[in-house]
Structures are given as structure tokens and as C-alpha cells.
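I have opened my notebook and am ready to look around. Come along, and I will write down each thing as I look it up.

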Amino acid sequence: MLPDWVTQKCPEISAVHREAAIARQAQLTKPTGALGRLEQLAIELAGLQATKQPRAARVPIIIFAGDHGIVAQGVSAYPQGVTIAMMANFASGGAAISVLARELGSSLEVVDAGTLAPEAVAGIVIDKPRSGTRDFSVEAALAPSELAFAFEAGQRAVARAEASQPDLLIFGEMGIGNTTTSAAIAASLLGVSAEEIAGSGTGIDAAGRAHKARVIDAAIARHGVAGAPPEKILCAVGGLEIAAICGAIIAAAQRRIPVLIDGFIVSVAALTAVRLNPSCQPFLLPSHQSAEQGHRLVLRALNAQPLISLDLRLGEGSGAAIALPLVRLACSLHNGMATFAQANVPDRPA
Ligand SMILES: Cc1cc2ncn([C@H]3O[C@H](COP(=O)(O)O)[C@@H](O)[C@H]3O)c2cc1C
Ligand SMILES: O=C(O)c1cccnc1
């Protein structure tokens, strides 16, 4: 059903480089462990990138957009047309992620993985099997062939980005209704009720959130996908941009490129990726704790501790972009600090 490459093993962490990074951290002019999680981050990256000098300099951002039939059930605070309009805004430089990409010196590619846009939007890569998903409250969101296409679209985007030799990748998403889709995927994968996972997304009120949870629970029961295999869940209640991100995460990890994971939606794609191919898990670096209600549970399932918590609830890859400077600083400290011997600073007595 899914392409064969999806389950192919990702490279191992380089134990040699990881050990060398641990040894170097112990020699730098600071009390052992004093830079806290930034030390761990540099050590992890050294092992993942198989290098003495971990880097987070070149970090392309790729946004996948898709529309969601489930918006017909009144689950978002904003109209469906926002998805296409925002794609143009990404390309013309006015969206939050456009500003962040400029600040960070990151390239920004926007992929239409399945929006309702009837024709080409300037500056957007079109790579979609169909326009939007079907309303999963009445029928399966995707056909297996459409799901496979979306995974390949994710892989193609990573292959394009690979040409610029990225140190890390950031994936973002745009798709009105996709917190409902993501909550449905997460509730199915984790076998919990939607009430625990469904949040307010773009800003629906308490009654709206209760309605959203009911719609999701009814759909999971209708399709019988609680605890089902990930590809079945994605066909039943998934989204094209989420499937594309899932494929992109696996494709990046298979190329030894770590991925800075954004908020709720990208984390759900990441959890799905890990369920399909557990060997990609080490390459996932969590960035932030989203204000979206279900994110905590999904991060826990990924055994991931976010770097920052700023009550962001935007998506677009924005949380990952905002956390990137911390990753850069972790690398600069690791690579640039003097050792006790170099600086003639007395080390701990033996
Ligand atoms: C103007 C605007 C820009 C956005 N950028 C990201 N999202 C975010 O909100 C959407 C998910 O929320 P829900 O499931 O409630 O529709 C996604 O498109 C997500 O990327 C946006 C939403 C809006 C309105
Ligand atoms: O955390 C996210 O990714 C998120 C939350 C709300 C709306 N859009 C995205």
C-alpha cells in the first residue's frame, strides 16, 4: 500500500562521534553539565550528523499545504479559503513563517500537496494527487493510491532540499481543518478519546471543541480505526499535507538529516512516521510545546521534551523556526569554546 522505501532503515547514530562530543563537552571551560540541555543537543547532533562539529547553519523550511473535507462539519474558526490565500502569502513573503525564514536565512519552499487551488499559485510547487481530502465523517479521507502519492511528494521535497546540503530540515503545514485531522490521527494511534486530544485550533470555543471531539470520535468508530495500522488510519481520517510531512520526515532521516519538529500537527505526522518506521525516531528533534491541547500527549508518546514553551499555536513550522537559534547556539558553544587546557583554566582536581 505504501511505497517500499517507507520502512527502509535509517542510518544508525554514529557512536564514535557521539562519544567524542561527550568527551569534548567535559573538557570545555564550564562546570560539567552547566549548559544543560544545550550540551545534550550538541552531543545528539554530532552523533546524528556523524561529525565532530555539529551544525545548524543551513536549514531549509518546507511547508506542505492541503485542504480538508472535514471543514464541512464546522470544526474550524476560519473559512476553508484561508488555506489557498495563505499559500500565496507564504510565497509573497507576508506570513509569519516568511518573516522567520528571512530572519534565519532559510529558504522557504511551499508545496501544494492537496489544496482546492484550481490552478497554479505563483511560487508554489504543485505535487498533489487530487484537490483536498474527502469529509471523513461520511467517507474515507483518502484512497490508498492518494496516500502513497502524498508520501512520495514528501520524499521528492526532501530530495530537492538535499541539493543544498542541509544541516537540518524544518517542515511546516497549512490546511484549515488540520487540527481536527491531526487529532483524529493521534486519537486513533494512541487509542484515546478525542476529548483528550482535540484542541481549539484556530480558536473555536468550548462548545465548538466539544463538537469537534464528537465528530472525531464518531468518525473513528465509523471507520473502525482505533489502534489500527498507521496507513489505515491515514486513509480513513488523514490529510495530504500530513501524509506528505510523514513521508518527508522518513525520507530526511534515511538521508541522515535531522528534522526540527514543529507543533501539534507536525508532531502527529512525526508520531505516525515513528509508528511506520521506528528507526527514524532519533532524527526527530522536538522544538516547542504548542498551546494546542493534544500536543502534550503526542510529545509524551514520542518521548520528546520540547526546547521552548511560548504558548504558540500557529503551525507553518513557526515553532521550529523560533527554536532554531537555540540549536545554532548549542552548536556554536560546542564548537567554539576553549578547553581547560587551551585556556589554562584549572580543571577539577583528579
Ligand atoms: C490566517 C491563518 C494562518 C495560519 N497559519 C497556520 N494556521 C494554522 O491553522 C490551521 C489549523 O487550525 P484549524 O484546524 O482550527 O483550522 C492550519 O492551517 C494551521 O497551519 C493558520 C490559520 C489561519 C486562520
Ligand atoms: O501546534 C500547532 O501546530 C497548531 C496549533 C493550532 C493551529 N495550528 C497549528
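How do the residues of the shell around ligand 2 divide into nonpolar, polar and charged? I looked this up and found three nonpolar, seven polar and three charged residues. For these classes, Ala, Val, Leu, Ile, Met, Phe, Trp, Tyr, Cys and Pro count as nonpolar, Asp, Glu, Lys and Arg as charged, and the others, Gly among them, as polar.

**Ground rules**

I note that this is a predicted model, where local features need pLDDT of at least 70, side-chain atom pairs count only at pLDDT 80 or more, and totals for chains, interfaces and linings use all residues. Residues are numbered from 1 along each chain as its sequence is written, while chains are lettered from A and ligands numbered from 1 in the order in which they are written.

**Entry: the two ligands**

I went back to ligand 2 and found 13 residues surrounding it. The closest are Gly263, Phe264, Ser290, Glu292 and Gly315. To be in such a shell, a residue needs its C-beta atom, placed from the backbone, within 6 Å of the molecule.

Next I looked at ligand 1, which has 18 residues around it. Its closest are Ser76, Thr179, Gly201, Thr202 and Gly315. The elements giving two or more residues to this shell are H3, S4 and helix H6 (178-190). H6 gives the most, with three residues. By class, I read seven nonpolar, nine polar and two charged residues in the shell around ligand 1.

**Entry: the whole protein**

I stepped back and found 14 helices and six strands. These are DSSP runs numbered from the N terminus, helices being H or I with at least four residues and strands E with at least two. The C-alpha trace spans about 70 × 40 × 40 Å along its principal axes. I also checked the radius of gyration, taken over C-alpha atoms. A compact globule of 350 residues would have one near 20 Å, and the protein agrees with its 20 Å. That rule is 2.2 Å times the number of residues to the power 0.38.

Of the 350 residues, 54% count as buried. Here buried means 20 or more other C-beta atoms within 10 Å of the residue's own, exposed means 12 or fewer, and partly exposed is in between, with C-beta atoms placed from the backbone. Among contacts between residues at least 6 apart in sequence, 77% join residues at least 24 apart. A contact needs the two C-beta atoms, placed from the backbone, within 7 Å.

**Entry: helix H3**

Which residues of H3 (residues 82-92) are buried? I listed Thr83, Ile84, Met86, Met87 and Phe90. Seen down the axis of H3, these fall within an arc of 160 degrees, so they line one face of the helix. The arc is that of the directions from the helix axis to the C-beta atoms. I then asked what the buried residues pack against, and found strand S1 (61-66), helix H4 (96-104), strand S2 (108-114) and strand S4 (169-174). Just after H3, glycine 93 takes a positive phi of about 100 degrees.

**Entry: glutamate 316**

I checked the unreviewed UniProt entry, where the annotation "active site" covers Glu316. Such annotations may be inferred rather than shown by experiment, and their positions are given in the numbering used here. Is glutamate 316 buried or exposed? It counts as buried because it has 27 C-beta neighbours inside 10 Å. Glutamate 316 lies in the loop between helix H12 (295-301) and helix H13 (318-336). Not counting residues up to four places away in sequence, glutamate 316 touches Ile63, Ala95, Ala96, Ile97, Gly172 and Met174.

**Entry: that loop again**

Most residues other than glycine have a negative phi. I therefore made a note of asparagine 303, whose phi is positive at about 60 degrees, and which is exposed with 10 other C-beta atoms within 10 Å. Asparagine 303 lies in the loop between H12 and H13. Aspartate 311 lies in the loop between H12 and H13 too, and has a positive phi of about 60 degrees. I counted aspartate 311 as exposed, because 8 other C-beta atoms lie within 10 Å.

**Entry: one last stop**

I finished at serine 279, in the loop between helix H11 (264-276) and strand S6 (284-286). Serine 279 is partly exposed, with 16 other C-beta atoms within 10 Å. Leaving aside neighbours within four places in sequence, I found serine 279 in contact with Lys9 and Cys10.
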